[in-house]
Structures are given as structure tokens and as C-alpha cells.
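The sequence and structure come first.

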Amino acid sequence: MAEDCQFTVEDLQCPLCCEVFDVPVTLSCKHSFCKTCVHTHWDCRGTRQCPLCRCTERSSRPSINLALKIASDVFKKKPEQFRVKSVEFCSKHNEELKLFCRKDAEFICDVCTSSRGHRNHDYCPIAEATSEIMKVLRTRYNPLKKHLTTFQKLKGSLEELEAYIQKQAAETAAEVKQEYDKLYTILREEEAARLIVLQNESDRKTEVVREKLEEVNKSIEELSDIINYIEPIIIADDLTFLKECKEAIRRTKYTVPEPEYPTRALIDVSLYLGSLKHKVWKKLENDVSYCSVNFDPNTAHPNLIIRDELTTISYGEKQQLPDNPERCTGSMAVLAASGFDSGKQRWYVEVAHSKEWYVGVARVSIKRKTAVFLNPAEGFWVIANNEGSDLSPHSTDSEKETTGNHS
């Protein structure tokens, strides 16, 4: 950026050839020239005098100015990084404007400091004023840029969420259709009704995500406008910067809304697949199975596969699922689709041949993104079977972190 370059375009031009330095050398009088240019000049004049100040150069081989050499090479590749020195003169005294009056926020010349208009005012060199105000602007500009990055990440997550909702809705609809096909014509009306509700929920939740995307896009657009306005000012020369910095600082006062990832945005799969056969039992005269507990796929760890109308879980290959707030990722767990507040409850659970498992109840407020201990202090009441040992209640003093399932 321009403010990081110690040389201006004029600093990189050889006074003899008026081109950007090739191999710059600096004489003992501190004047710099292209090595070829100054030696050619000396050969023509027959004397080693500085072409500008006429001082005799003691060395026949002046040292190469490495800083100028590097800056010249960079300029040839990226000239936009260098400032063009801008000079303005005082309209009252026709002197170069070198100072900045802090009280009046004006450029002034040396004569102005003793004039009536600026006498006893606080003033400083333009470069110093630029540095001071630049620090103020950067303290406000940098957080805005971080907020923009946050919103851009949220936008990506929301776009993925929208796509997953559509995929989830399609997969759920396919499973619903498969179950209804097994029940033939008598279930067609029920199937159609459920698919309509599913589509309505999909449309409604997709619309919520799209509205959130519009809000995020609006915030990104507003932040981008502010940053796009500020960035050219930051890389401008000091005079231009000081002229525009007041408006730039005003724009940094933009209030950034808090980015939010929507909760409960996923399809309520249990509403359509949970105990499907039981809910249409009155329409059937043959016996159907019923399970009082249905698992909620939106809470399941990505390695848990849920089948059989949301009644069976098994361990499998990790799935690409949204990291929504409801999902358990800190432990290999899944919650039931419905809970209870009081009363006596009873369930029958088949654990098959698993050597290690945890089954019980949990508060809805349990931690889902970090590892937990399965004890009442953290909201769990479970029974456990570890490595095929006898069935036992999980102790409140247990030091073992959970790696099993609970519901």
C-alpha cells in the first residue's frame, strides 16, 4: 500500500536521464544517479563532480544504494504502490503547505503559523497528522473488515443450509412415499396430505433462510460500500487523505448487526416419518408395529444412521450434515424427537449385541458441541453397559467421558 512505501515516484527518477533508476549509486554528497549515467557524465567532463551540487566525489566507485535499487525494481513491476508527491501552495502567502492545523483542520504554510488566523494554534507536519488520524481510522476500519469476513462466512453457511434443507426435504419425501407405497391405495390420501404439509414447511423454512440471506447480503453490501469508500482514501497521498478522512471516519460509525445462524431451521422429519404406521392405524384393520420413541435426525451425530421410521440407530460412515445448533457433535449421541415435563415414563429398548451403550434421559439444555460427562450434574440420567459388563446405573462420580449413545 502507498503508506508503506518510503519513496515517491520522484524519488526513483535519475536526475540525469529522468528515468527510473537502473543501478542507483549514491555519492558522498547524498545525491543519487544511475551508475551508467554518472560515469558517462564524469567521462564527458573529465572530472568526478556531482552533476547537481558540483562537490568532488572522493570515490571512483560510489556504492550502490540497495534501498533505491529494490524500490526501483518494485516500481517497475507494481507502480501503483508508489505515491506521486502532491504539492499545494498557500493562497495567502504563496508558500508550500507543509503543516496541518489541528484546531481548524486546515493545511497551512510556515508563514501561517505566525499569522492572526492560526497564531497559538496546535499544528504539526502533514506526515505526523496523517499518522495520527490514520491510527484512528484503522482502529475503526479493521473491525468493520472483520465483520465483513464474518458475514461472508455466515452467507456461505446459510447457502449450504438452504441447499441441505432442499435435499433433506427431498429425501424425507422419498421415504414417506416409500412407506405409503407399501400401504397401497388406502393410504394415498394420507400420503398426499403429509407431502403437502412437508412442502409447506420446506417452503416456509426455505423462505426464512432466504430472508436471512437477504439480510446478510444487505449487511455485506453496506459494509463493502463503506470499505470500498475507505480503501482508496487509505492509500491516497497525505493531502487527499486528510481532505477525505472526516467522511471516512463518519462512515465507520456504521452499526453492524449481530450475525445469527437460524435455529430450528431444518425440516421436522419426525413430523412426517415418526411412528408413521401408528398414526394411520385407524385406517388399517391389520396389525401394525408401534414404537413410543422416535429419534430426531436433526440432533444426531453425523456418524449415526437412523432407519426404520426413525426408530433404529446404528454407527456408520460420517455424513455431511449441517452443524445446526440442535445437533450433537461433542459426543456420539442422538435425542428423541419428543420429550416430557412430568409423569412416569417407560420404554422398551433393544440394544442388540452392542458391547458399550448408554440409554436414558437428558435435559433439553445439555451441551451438544463439547464433550460431556453422563451424570445428573450435566443433565443426564442413564444406565450403561461397558465392554459387556453387567448393567449398571451410570454413577454421578464417573470420570469417563461419553462415547456412547443416549436418547
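C44 is exposed, at a relative accessible area of 67%, where exposed means over 50%, buried under 20% and partly exposed in between, using a 1.4 Å probe and protein chains only. The model is predicted, so local features need pLDDT of at least 70 and side-chain atom pairs count only at pLDDT 80 or more, while totals for chains, interfaces and linings use all residues. Residues are numbered from 1 along each chain as its sequence is written, and side-chain values use heavy atoms, with hydrogens and water left out.

**Cysteines**
- C18 is also exposed, with a relative accessible area of 54%.
- The closest cysteine sulfur to that of C18 belongs to C17, 6.7 Å away, which is too far for a bond.
- Across the whole structure, a search finds 0 disulfides, a disulfide being a pair of cysteine sulfur atoms within 2.5 Å.

**Helices α3 and α5**
- Helix α3 spans residues 126-182 and helix α5 residues 238-251; helices are DSSP runs of H or I with at least four residues, numbered from the N terminus.
- α3 and α5 pack at an angle of about 30°, with axes 10 Å apart; axes are lines fitted to C-alpha atoms over the stretch in contact, and angles run from 0 to 180 degrees between N-to-C directions.
- α3 and α5 are therefore roughly parallel (angles under 35 degrees; over 145 is roughly antiparallel, 65 to 115 roughly perpendicular and the rest oblique).
- Their crossing is left-handed, meaning that the near helix is turned anticlockwise from the far one by less than a right angle.
- On the α3 side the contact includes I126, I133, L137 and R140, and on the α5 side D238, F241, L242 and I249; contact means heavy atoms within 4.5 Å.
- By class, this contact has 13 nonpolar, 1 polar and 2 charged residues (Ala, Val, Leu, Ile, Met, Phe, Trp, Tyr, Cys and Pro are nonpolar; Asp, Glu, Lys and Arg charged; the others, Gly among them, polar).

**Helices α4 and α5**
- Helix α4, residues 188-234, packs with α5 at about 155°, the axes being 10 Å apart.
- That angle makes α4 roughly antiparallel to α5.
- The crossing of α4 and α5 is left-handed.
- I226, Y229, I230, I233 and I234 of α4 meet F241, E244, E247, A248 and R251 of α5.
- The contact of α4 with α5 has 7 nonpolar, no polar and 3 charged residues.

**I165**
- I165 lies in helix α3 and is buried, with a relative accessible area of 0%.
- Leaving out residues up to four places away in sequence, I165 touches K205, T206, V209, A265, L266 and I267.
- I165 and V209 are 44 residues apart along the chain, and their C-alpha atoms are separated by 9.5 Å.

Notes: Helix = DSSP H or I, 4+ residues; strand = E, 2+ residues; numbered from the N terminus.
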